[in-house]
Amino acid sequence: MTGLVIKKNADLFTIESGDKIFELKPKGTLKKNGIFVGDKVEFSNTIDKLLERKNILIRPPLANLDKIFIVLSPLPKPDFLLVDKMILCCFVKGIEPVLVINKTDLIDEEFVKNVQKTYKKVLKIIKTSAHKNDVEALTKQIKGICAFAGQSAVGKSSLINALFGDKKEIVGDLSKKIERGKQTTRLVSLYKFGKGYIADTAGFSSLELGMLVDLTPQEVGRYYPDFLPYLAECKYRSCLHKLKVDCAIIDHVEKGDIAKMRYENYLKIIDSLENFKKR
Ligand SMILES: Nc1nc2c(ncn2[C@@H]2O[C@H](COP(=O)(O)OP(=O)(O)O)[C@@H](O)[C@H]2O)c(=O)[nH]1
Ligand SMILES: [Mg+2]
Ligand SMILES: [Zn+2]
């Protein structure tokens, strides 16, 4: 039989298969540390085989992520460099990023417009208010294995609470874990929601560049959907888009086709990637 790992507790794994749940240990030759929540496995009375995975994150430990909701809000003030790093990480790993503008009850139109202008060519953008229980757009987006990311206090836990609504026993467990997760646990579970699953990714608010260590600075621009239409215009194929001469990206930033902030954050990301590799 095959199933999905939805929870891991020491060497005991919770596997969902159809509408049944199994609690199993891996057979002797399989290393428990090699099996992640989100993995598909073959099993009998033990977990026998790990099936192919499409991606993996180490922190939080999750396999086969389909979508990450990157949440931001007017308060706390957004850290757009972090947002851009998360978007890059998603594209590198083959995860669909969705930008969630939360706290629309507090937001002025100007804030929303600016975010939309900067990111409309980059990823899907939806608006929510956890306070007003306005999570319809978010509900529609939940397919496959999904996780929430974003700086602390943007409303990730509140959104998850709003989604689960009256299923209080799950929510209690989930939000407790998320709070606890800040200091201690690295445990992750998947909770079924509609057509997909939601991961309670405690502490998914920062991102180490180590995750992108296999990426060369020259490759970074290729993961920028807003750069993509112009890359062929750069004179040199390995253009880092740092020098004005013969660089189409800088040209299109000046023309306003590419958001200046996206470009400036791009420069910061490739610089820190270069420094990281030198260490
Ligand atoms: N006004 C408003 N406040 C919100 C909204 N969502 C969350 N908050 C508040 O923002 C604070 C942080 O929320 P929380 O869910 O803990 O954020 P997390 O750190 O991202 O999980 C709490 O005081 C929430 O009540 C919202 O849609 N509107
Ligand atoms: Mg939280
Ligand atoms: Zn260039």
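Start at Ile 70, whose bridge partner in E9 is Leu 99. This pair belongs to the pairing of strand E8 (residues 67-72) with strand E9 (residues 96-101), which is parallel and spans six bridges. Two strands count as paired here if DSSP finds at least two bridges between them. The element names come from DSSP runs numbered from the N terminus, with helices being H or I runs of at least four residues and strands being E runs of at least two.

Before going on, a word on what you are looking at. This is a predicted model, in which local features need pLDDT of at least 70 and side-chain atom pairs count only at pLDDT 80 or more, while totals for chains, interfaces and linings use all residues. Residues are numbered from 1 along each chain as its sequence is written, and chains are lettered from A and ligands numbered from 1 in the order in which they are written.

Now widen the view to the sheet around E8 and E9. Six strands form this open sheet, in the order E10-E9-E8-E11-E13-E12, with mixed pairing. Strand E10 (124-127) and strand E12 (190-193) stand at the edges; each has a single partner strand, so one side of each is left without a neighbour in the sheet. From one strand to the next, the twist averages 30°; axes are lines fitted to C-alpha atoms, for helices over the stretch in contact, and angles run from 0 to 180 degrees between N-to-C directions.

Helices pack on this sheet too. Helix H2 (residues 109-119) touches E9 and E10, and its direction makes about 165° with that of E10. Helix H4 (residues 156-164) touches E8, strand E11 (143-149), E12 and strand E13 (195-199), and its direction makes about 145° with that of E11. A contact means that the C-beta atoms of two residues, placed from the backbone, lie within 7 Å.

Follow the sheet towards E12. E11 and E13 run parallel and are joined by five bridges, with Cys 146 standing opposite Ile 198 in E13. E12 and E13, by contrast, run antiparallel and are joined by four bridges; here Phe 193 stands opposite Gly 196. These two strands form a hairpin with one residue between them, and Gly 194 in the turn has a positive phi of about 55°.

Next, turn to another sheet. Five strands form an open, antiparallel sheet in the order E3-E2-E1-E4-E5. Strand E3 (20-24) and strand E5 (47-50) stand at its edges, each with a single partner strand, so one side of each is left without a neighbour in the sheet. The twist in this sheet averages 40° from one strand to the next. Strand E1 (residues 2-9) pairs with strand E4 (residues 40-43) in the antiparallel sense over three bridges; Gly 3 has Val 41 in E4 as its bridge partner, and Thr 2 stands opposite Glu 42. E1 also pairs in the antiparallel sense with strand E2 (residues 12-17), over five bridges, and Lys 7 stands opposite Thr 14 in E2.

The loops deserve a stop as well. E1 and E2 form a hairpin with two residues between them. Is Ala 10 buried or exposed? With 8 C-beta neighbours inside 10 Å, Ala 10 counts as exposed; a residue is buried if 20 or more other C-beta atoms, placed from the backbone, lie within 10 Å of its own, exposed if 12 or fewer, and partly exposed in between. Elsewhere, the peptide bond from Leu 75 to Pro 76 is cis, with omega near -5°, and Pro 76 is found in the loop between E8 and helix H1 (80-93).

The protein averages a pLDDT of 89, and 88% of the residues score at least 70; pLDDT is the predictor's confidence in each residue, from 0 to 100. Over residues 181-185 the pLDDT is below 50, and this stretch has seven contacts in the model beyond near neighbours in sequence. Where pLDDT is low, the predicted coordinates should not be read in detail.
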